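Thanks for asking me to look over this one with you. Have the model open beside you as you read.

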Amino acid sequence: MTRLGTMVTVLALLTTRLVSADVIETSSSRFIVVMNQGGDVIDGPTQVDFASTQGLFDEVVQSSAWNEFHGGSSEALQDSDVTHGVYRVHLEVGTDADGGTMGTDIATGYAESSFELLFTLTEATDFNIAGTYNSFGEINGAVSEVEIRIDSLGGGTPSQVIAYATDNCCPSTNVDGTLLPGAYALRAHVLAIVDQSFMTSYTTSTSGTNFTMTLDVPQPNPLGDMNCSGVVNVDDVAAFVQAVLDPSGYENTHPNCDRNLADVNGDNLIDGADVSAFSRCALLAECP
Ligand SMILES: [Ca+2]
Ligand SMILES: [Ca+2]
């Protein structure tokens with residue numbers, strides 16, 4: 001091999017080694033649904049869906065159905081927030097057939113809240129999942145269930161259940177692990193069902209979970225961090241001005257930084273309209 005060839009090979013190896021572990025969040029699916037029947041009155045199903053790669057989903061749905069003798073009510077909520085490498089999931093459901101006449105007719109309730117995030121890891125990556133989960137009610141037609149799992153979607157580490165409970169109040173989980181490169185789904189759901197026509201005991205059923213999954217991947221630099229130091233402060237002013245006024249000059253002086261971070265006001269343009277938002281962030285620590 002020529003000397004030049006050797007240098008190219010060494011450079012290529014160095015470049016490869018410099019690629020750090022990262023995660024690509026590809027899609028998410030989240031929903032909540034409730035329904036009730038009290039005697040001949042039916043309410044629902046009412047369902048709210050949210051499909052997006054990232055972002056906050058914060059919704060509650062309720063349902064109730066009553067007639068003169070029979071009734072039930074249900075509630076489901078989800079407050080989940082997907083940011084790069086950090087997935088915060090809070091799911092709660094409950095259903096109550098207590099208004100019915102036990103054992104004589106139908107009072108039923110159903111509530112479910114589900115979270116799914118698909119992601120791909122480019123290298124072996126450490127993770128932590130910490131939080132609580134609980135369920136109450138599983139007898140003669142009442143069902144409560146909570147599950148948190150990581151499913152392999154091809155390659156990588158095999159699927160694993162992080163937490164599962166039915167009729168078990170309030171354990172907690174704090175799991176560390178490593179996921180090999182591959183495609184995965186983080187899935188969590190909580191479910192509560194009552195059917196009072198079979199009921200001799202519980203007339204309510206609840207379940208819930210509140211946990212955060214954290215992947216050990218680099219966090220992106222914040223908006224306005226024009227010198228890629230990880231923080232936005234007065235040291236970014238000169239680079240910000242250059243990024244706005246002289247794009248090619250900025251890319252020459254900061255080849256490893258992202259000029260798009262100058263779009264501090266988030267309108268997909270990098271121009272003078274970003275100056276006041278940048279100044280508030282860099283000088284007053286009032287960042288978007
Ligand atoms: Ca900076
Ligand atoms: Ca802008």
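Here are my notes, point by point.

1. A word on the source. This is a predicted model, in which local features need pLDDT of at least 70 and side-chain atom pairs count only at pLDDT 80 or more, while totals for chains, interfaces and linings use all residues. Residues are numbered from 1 along each chain as its sequence is written, and chains are lettered from A and ligands numbered from 1 in the order in which they are written.

2. The overall picture. The chain holds four helices and 12 strands (DSSP runs numbered from the N terminus: helices are H or I with at least four residues, strands are E with at least two). Of its 288 residues, 40% are buried, a term that calls for 20 or more other C-beta atoms within 10 Å of the residue's own, with C-beta atoms placed from the backbone. Among contacts with a separation of 6 or more, 68% join residues 24 or more positions apart; a contact here has the two C-beta atoms, placed from the backbone, within 7 Å.

3. The sheet. Six strands form an open sheet in the order β3-β4-β5-β12-β7-β10, with antiparallel pairing (strands pair if DSSP finds at least two bridges between them). Because β3 (55-66) and β10 are at the edges with a single partner strand each, one side of each has no neighbour in the sheet. From one strand to the next, the twist averages 10 degrees, using axes that are lines fitted to C-alpha atoms and angles that run from 0 to 180 degrees between N-to-C directions.

4. Strand β7 and its partners. Which strands flank β7 in the sheet order? They are β12 and β10. With β10 (residues 172-179), β7 (residues 125-136) pairs in the antiparallel sense over eight bridges; Asn128 sits opposite Asp176 there, and Ile129 has Val175 as its bridge partner.

5. Ile162 belongs to strand β9 (residues 160-165). Why does Ile162 count as buried? Because 20 C-beta neighbours lie inside 10 Å. Beyond neighbours within four places in sequence, Ile162 is in contact with Ile129, Ile148, Arg149, Ile150, Thr173 and Val175. For Arg149, the C-alpha to C-alpha distance from Ile162 is 5.0 Å, although the two are 13 residues apart in sequence. Two of the other contacts, Ile129 and Val175, are themselves bridge partners, with Val175 in β10.

Key: A residue is buried if 20 or more other C-beta atoms lie within 10 Å of its own, exposed if 12 or fewer, and partly exposed in between; C-beta atoms are placed from the backbone.
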